[in-house]
Amino acid sequence: MTTFRDVLRENKANIEAVARRNSQVNEDGYVTISKDDRWAHEDEWDAHYKELKDAEYGYSIAAH
């Protein structure tokens with residue numbers, strides 16, 4: 001049986017090449033996300049995070 005680890009190991013060079021082609025690097029060598037990137041303003045997790053924080057502090061309200 002081929003494991004995910006095996007697939008990663010066998011395709012490491014290709015995976016790294018694709019990642020390099022799809023990455024923006026700043027002058028300090030850090031990979032960055034452009035302000036115009038569609039993922040830069042992702043907010044789908046905000047509501048989930050709020051629910052987790054509210055539950056942690058006992059603020060959640062049960063709906064029937």
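Before we start: helices here are DSSP runs of H or I, at least four residues long, numbered from the N terminus. Also keep in mind that this is a predicted model.

**Exercise 1.** Find out which helix holds D54, and whether D54 is buried or exposed.

*Solution.*
- Step 1: Look along helix α3, which covers residues 46–56; D54 lies in it.
- Step 2: Check the cover. The cut-off for buried is under 20% relative accessible area. D54 has 19%, so D54 counts as buried.

**Exercise 2.** Work out which residue forms a salt bridge with D54, and how the two are placed in the helix.

*Solution.*
- Step 1: Recall the idea that side chains of opposite charge can pair when their charged atoms come close.
- Step 2: Find the partner. D54 forms a salt bridge with K50, and their closest N and O atoms are 2.6 Å apart.
- Step 3: Count along helix α3. D54 and K50 are four residues apart, so about one helical turn separates them.
- Step 4: Look at the partner's cover. K50 is exposed, at 52% relative accessibility.

**Exercise 3.** A search of the whole structure finds two salt bridges. Track down the one that R9 forms.

*Solution.*
- Step 1: R9 pairs with D6, with 3.3 Å between the closest N and O atoms.
- Step 2: Both sit in helix α1, three residues apart, so again think of about one helical turn.
- Step 3: R9 is exposed at 54%, while D6 is partly exposed at 23%.

**Exercise 4.** Say which residues form the nonpolar surface patch, and which helix gives the most to it.

*Solution.*
- Step 1: The patch is made of F4, V7, L8 and I15, with about 370 Å² of accessible area together.
- Step 2: Helix α1 (residues 4–10) gives the most, with three residues.
- Step 3: Zoom in on L8, which has its place in helix α1. L8 is partly exposed, at 37% relative accessible area.

Note on methods
Residues are numbered from 1 along each chain as its sequence is written. This is a predicted model: local features need pLDDT of at least 70, side-chain atom pairs count only at pLDDT 80 or more; totals for chains, interfaces and linings use all residues. Side-chain values use heavy atoms; hydrogens and water are left out. Buried means under 20% relative accessible area, exposed over 50%, partly exposed in between (1.4 Å probe, protein chains only). Patches are made of residues with over 30% relative accessible area and no salt bridge: like charges are joined within 9 Å, nonpolar side chains (Val, Leu, Ile, Met, Phe, Trp, Tyr) within 5 Å. Accessible areas come from the Shrake-Rupley method with a 1.4 Å probe; for residues, only the protein chains shown count as cover. A salt bridge is a side-chain nitrogen of Lys or Arg within 4 Å of a carboxyl oxygen of Asp or Glu.
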